[in-house]
Amino acid sequence: MQPATLELKRQLDAFDSASIVIGCVIGSGIFIVPALTASQVGSTGLVLLVWIVAGALSLCGALAYAELGASLPAAGGQYVYLREAYGRMPAFLYGWTLFLVIHAGGMAALGAAFAIYLGYFVPLTVVEARLASVGLIVVLVVVNCLGVRLGARVQNVLTAVKVVGVAAIVFVCFAATEGSVTHFVPLWGDGTPPGGWAAGVGAAMVGALWAYEGWHNFAFVAGETVNPERNVPLALVCGVAVVMALYLAATLAYLYVLPFDALSRSTHVAADAMRVAVGPAGGTLISLLILLSVTGAVNGMTLAGPRAYYAMARDGLFFPGLQRVDRRFGTPVPAIVAQGVWASVLAASGRYDQLFTYVIFAAWIFYAMTVAAVIVLRRRHPEWRRPYLVWGYPVLPALFVIAAGAFVLNTLVSRPRESAWGAGIVLLGVPAYFLWRRRSKSIA
């Protein structure tokens with residue numbers, strides 16, 4: 001048996017780090033969400049404004065995480081930040097929720113999206129689609145068990161493909177003879193979203209924030225990043241900025257080839273835009289790109305999340321075996337496998353939209369707490385060395401926390417049943433925490 005003291009090594013460079021950020025964010029959202037946003041807000045100007053506001057909020061969060069990651073560059077990321085700011089129990093509740101809902105549910109939801117687009121090439125029954133979702137997770141678990149460098153290389157390739165792919169969509173759409181700048185007007189419509197400001201824009205923000213979801217994942221592998229004081233902030237800030245630019249450019253490209261009414265009615269907006277631009281082959285190319293994009297997002301989550309369970313186990317607050325690092329491959333194999341098994345169970349049994357709601361509701365509670373940790377830790381530990389300081393402190397962190405709170409409240413109101421399930425899962429962690437704490441004390 002390997003000693004539990006074997007440490008994870010710093011092997012990820014700046015390019016790997018930025019690739020993880022971008023690759024975890026760009027999944028299937030940009031290929032679907034712009035149409036939903038258009039139907040909810042009713043005008044070109046508001047569609048773009050929603051993307052900008054959601055991107056700016058994500059960037060505010062990334063800036064806060066950058067300060068935390070540069071100050072506490074340890075494996076476990078967000079779990080470590082919450083532990084230092086609020087103590088072991090809130091950190092455990094996050095790790096517990098991460099394992100049961102946030103990451104495993106996110107992987108399962110993306111696996112479901114993978115199966116949907118695989119069905120474009122090979123017709124699948126319900127059972128076959130769920131098997132395809134599980135198969136994707138299993139393959140990526142194996143890849144990431146075989147070394148963090150291998151997982152990072154796969155991530156680099158898939159991220160490059162999706163960035164080039166989205167850029168190609170933008171170029172092709174703007175080069176299409178069927179496109180027209182008249183599709184952008186009237187910029188603001190009649191000024192009122194179809195469902196009203198609160199409902200319409202609020203619902204649109206839910207979709208846009210989901211499309212930006214994943215930027216925080218890189219923090220989990222900060223403990224394996226070379227020169228973290230420089231590379232952690234660089235990866236988070238540059239990664240989110242690149243994604244924001246790609247999302248805005250892609251949305252404008254869709255609008256250039258599709259009249260606003262057609263865009264708002266589309267169920268596969270990227271495929272519809274490409275069919276207008278290049279003909280029937282456009283749908284095939286988009287479906288292939290989405291398959292690769294989703295694979296990259298799942299790979300990033302498979303690489304990142306287990307580092308939190310590893311850190312929890314080292315604190316005596318999770319299954320002891322999850323702190324083990326494979327001597328040959330230098331990866332937390334038990335933690336990677338455990339996450340993959342649970343994600344596979346969810347993928348085989350759950351619905352995509354349910355899992356999505358569980359993930360978003362639970363995740364944003366902890367995002368708000370983590371960004372607020374910047375303020376807490378500055379006041380509690382003014383003596384700490386902070387190689388990077390968040391811009392606009394304390395205004396930007398405070399704005400993020402307020403926006404995250406509004407987002408959670410909106411989800412509670414609009415999806416109360418799913419939100420209740422998410423809250424219940426978080427609260428189930430309370431007795432689990434005391435059980436693990438008692439067990440670790442008895443062993444000690």
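Which residues are buried in helix 6? They are Ala129, Ala132, Ser133, Val134, Leu136, Ile137, Leu140, Val141, Val143, Asn144 and Cys145, where buried means under 20% relative accessible area, exposed over 50% and partly exposed in between, with a 1.4 Å probe and protein chains only. This is a predicted model, in which local features need pLDDT of at least 70 and side-chain atom pairs count only at pLDDT 80 or more, while totals for chains, interfaces and linings use all residues. Residues are numbered from 1 along each chain as its sequence is written, and side-chain values use heavy atoms, with hydrogens and water left out.

**Overall build**
- The protein holds 17 helices and 0 strands; these are DSSP runs numbered from the N terminus, with H or I over at least four residues for helices and E over at least two for strands.
- With a radius of gyration of 21 Å, close to the 22 Å from the globule rule for 444 residues, the protein is as compact as a globular protein of that length. The radius is taken over C-alpha atoms, and the rule is 2.2 Å times the number of residues to the power 0.38.
- The C-alpha trace spans about 70 × 45 × 40 Å along its principal axes.
- Of the 444 residues, 57% count as buried.
- Among contacts (heavy atoms within 4.5 Å) between residues at least 6 apart in sequence, 84% join residues at least 24 apart.

**Surface and charge**
- Carbon and sulfur atoms account for 71% of an accessible surface of about 17,000 Å², computed by the Shrake-Rupley method with a 1.4 Å probe.
- There are 28 positive and 18 negative side chains, and the centres of the two sets lie 10 Å apart. Lys and Arg count as positive and Asp and Glu as negative, leaving out His and the chain ends; each charge is placed at NZ of Lys, CZ of Arg, CG of Asp or CD of Glu.

- Helix 6 (residues 126-145) has 20 residues, which at 1.5 Å a residue should span 28 Å, and its end C-alpha atoms are 29 Å apart, which agrees. The expected span is 1.5 Å times one less than the number of residues.
- The buried residues of helix 6 pack against helix 5 (88-118), helix 7 (148-175), helix 12 (281-304) and helix 14 (333-349).
- Just after helix 6, glycine 147 has a positive phi of about 140°.
- In helix 11 (residues 269-278), Val269, Ala270, Ala271, Ala273, Met274 and Ala277 are buried. They pack against helix 2 (33-41), helix 7, helix 9, helix 10 (260-265) and helix 12.

**Backbone details in loops**
- Most residues other than glycine have a negative phi, and most peptide bonds are trans.
- Asparagine 227 is not a glycine, yet has a positive phi of about 50°. This residue sits in the loop between helix 8 (197-212) and helix 9 (228-257) and is partly exposed, at 39% relative accessible area.
- The peptide bond from tyrosine 393 to proline 394 is cis, with omega near 0°; proline 394 lies in the loop between helix 15 (352-380) and helix 16 (395-414).

**Two buried residues**
- Valine 232 lies in helix 9 and is buried, with a relative accessible area of 1%. Beyond its neighbours within four places in sequence, valine 232 contacts Ala66, Gly69, Ala70, Phe218 and Ala222.
- Serine 419 belongs to helix 17 (residues 416-443) and is buried at 0% relative accessible area. Not counting residues up to four places away in sequence, serine 419 touches Phe361, Thr411 and Leu412.
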